[in-house]
Amino acid sequence: MKDSLDVRDVARHFQFHGEVSSFAPHGNGHINDTYLITCRASNGPARYILQHINRKVFHDPAAVMRNIERVTAHLAAQAVGESASVRRTLRLIPACDGKNWHVDEAGETWRAYPLIENARTYETATSAGQAFQAARAFGRFQQQLADLPAPRLLDTIPDFHHTPKRFTALEQAIAADAASRAGLVQPEIEFALSRQSITGVLLGAGLPERITHNDTKFNNVLLDDTTGEAVCVIDLDTVMPGLALYDFGDMVRTTTSPADEDERDLSKVTMQFPLFEALVRGYIESAGGFLTAAERQYIAFSGKLITLEIGIRFLADHLAGDTYFKVHREGHNLDRCRTQFKLVESIEMQEEKMNRLVESLG
Ligand code: ADP
Ligand code: GN1
Ligand code: MG
């Protein structure tokens, strides 16, 4: 996190209404820094989200912002005429120099959005209705971006969901053992290594490239406080070309288990079938029109694969000494890895039933 002086100073570079009256760190992201900014405007307080892009992860923040400029403009054009259209898409607040982002003296990149009021994100889903809403919103997001005019979006993190490359990175982290932790995590290493054969399945299935979100965590969709309906898909840093099913899979990973991603009591981690069913129904309602037969075939599998992939990434980062994901306690990445692997097991046990459900929904 930046120190307080920096954040106020950065905020002055954006076209906010009124003087900044307060700011505070916001959200639970593992990569970027997010702040809630409150300004004293003439017609009452105005609230904004101000974010600092992590350059260690996004090597070309300007490329991230150019993608986001195009994506938000396209989504906004599609929302024209809808009720409450301004709440339905993120809208970049220009910097004072007219650009859609600000680079500070240290070369760090910042961007801002209006805070979407009367809506919030949740770390875990508590009902099938919430799961349905999230999946329908992410499916709609893919559908709305299907006709984004050329050129192709930039690959802001190349091979982001290339599971075999993530597997190779884990093997390298095991061999390097930079933090001397490999000896302490043998069961987790065994778990990952024994599943190598599935890592290339989606990439090898001839699935079409689409514009995808690539980080469809349940906490990346805002749900309306009153109606519970999905209002807006957020966290657009990783929107780029990808496979639709990695998006669906990440919904399974983050929505079907009642436990937090870093829960230590693994008995709480389980794939709840009714929530999976709600995800499939919600996703098919919005994305069913464009999904191919091959994509449908791997819907259930995708949840298992990305849960394994993210578990592998947490394990590799634990072995490397926690250099990528933010950690807030010792062993944090290992705890996260363990929940992922427990969830993979839970999916494996229910996979046949999950597949039957997808088939029955046509
Ligand atoms: P990260 O990449 O760190 O996860 P996000 O863009 O997801 O960052 O933002 C972190 C949190 O801030 C979100 O989970 C959400 O609660 C909140 N948030 C982000 N953008 C908005 C917005 N425009 N309106 C309301 N809340 C937002
Ligand atoms: C990171 O930034 P955040 O918390 O939304 C990560 C995702 C992982 C996720 C695991 C750019 O997302 O890929 O799935 O953590 N984002 C990046 O919770 O690596
Ligand atoms: Mg997020």
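Arg-152 is partly exposed, with a relative accessible area of 45%. Welcome to this predicted model, in which the domain assignment gives domain 1 (7-115) and domain 2 (128-361). A magnesium ion (ligand 3) is held by Asn-220 and Asp-235, and the structure holds 26 salt bridges. The notes below are sorted by topic.

**Salt bridges**

- The partner of Arg-152 is Glu-209, and the closest N and O atoms of this salt bridge are 3.0 Å apart. Glu-209 sits in the loop between helix H6 (186-193) and S7, while Arg-152 sits in the loop between helix H4 (128-145) and helix H5 (163-176), so the two are 57 residues apart and the pair links distant parts of the chain.
- Arg-210 and Glu-295 form another salt bridge, with 2.8 Å between the closest N and O atoms. Arg-210 belongs to strand S7 and Glu-295 to helix H9 (residues 293-297), so this pair ties together parts that are 85 residues apart in sequence.
- Are Arg-210 and Glu-295 buried or exposed? Arg-210 is buried, at 19% relative accessible area, and Glu-295 is buried too, at 1%.
- Asp-262, Arg-264, Arg-329 and Asp-335 belong to one network, joined by salt bridges that share partners.

- The C-alpha centres of domain 1 and domain 2 are 26 Å apart. Their contact draws on 25 residues from domain 1 and 34 residues from domain 2.
- About 2,600 Å² is buried between domain 1 and domain 2, and carbon and sulfur atoms give 55% of this area. On the domain 1 side, His-30, Asn-67 and Arg-70 supply 26% of the area buried against domain 2, more than any other three residues.
- Four salt bridges are found across the interface of domain 1 and domain 2. Between these domains, 16 residue pairs are in polar contact (both at pLDDT 80 or more).
- Which elements give two or more residues to the side of domain 1 that touches domain 2? They are helix H2 (61-79) and helix H3 (85-88). H2 gives the most, with 11 residues.

**Glu-82 and its two arginines**

- Glu-82 meets Arg-140 in a salt bridge at 2.6 Å, N to O. Glu-82 also forms a salt bridge with Arg-88, where the closest N and O atoms are 3.6 Å apart.
- Glu-82 is partly exposed, with a relative accessible area of 25%, and Arg-88 is partly exposed, also at 25%.

**The magnesium site**

- Asn-220 (OD1) and Asp-235 (OD) coordinate the magnesium ion (ligand 3) at 2.2 Å.
- Asn-220 counts as buried at 4% relative accessibility, whereas Asp-235 is partly exposed at 27%.

- Thr-256 is located in the loop between helix H7 (244-255) and helix H8 (273-287), and counts as buried because its relative accessibility is 0%.
- A polar atom of the Thr-256 side chain lies 2.8 Å from the backbone oxygen of Val-252. Residues that Thr-256 touches include Met-251, Met-271, Leu-275, Phe-276 and Leu-343.
- Lys-56, in the loop between strand S3 (44-52) and H2, counts as exposed at 63% relative accessibility. Its C-alpha atom is separated by 41 Å from that of Leu-357, which is 301 residues apart from Lys-56 along the chain.

Key. Residues are numbered from 1 along each chain as its sequence is written. Chains are lettered from A and ligands numbered from 1 in the order in which they are written. This is a predicted model: local features need pLDDT of at least 70, side-chain atom pairs count only at pLDDT 80 or more; totals for chains, interfaces and linings use all residues. Side-chain values use heavy atoms; hydrogens and water are left out. Donors are N, O and S atoms within 2.8 Å of the metal (3.2 Å for Na, K and Ca); water is not among the atoms, so sites may look incomplete. Buried means under 20% relative accessible area, exposed over 50%, partly exposed in between (1.4 Å probe, protein chains only). Domain bounds come from an automatic or database domain assignment. Contact means heavy atoms within 4.5 Å. Buried area is the accessible area (1.4 Å probe) that two parts lose on being put together, summed over both. A salt bridge is a side-chain nitrogen of Lys or Arg within 4 Å of a carboxyl oxygen of Asp or Glu. A polar contact is a pair of N or O atoms within 3.5 Å; within protein, one must be able to donate a hydrogen and the other to accept it, and residues adjacent in sequence count only if both atoms are side-chain atoms. Helices (H or I, at least four residues) and strands (E, at least two) are DSSP runs, numbered from the N terminus. Lists of a residue's contacts leave out its neighbours within four places in sequence.
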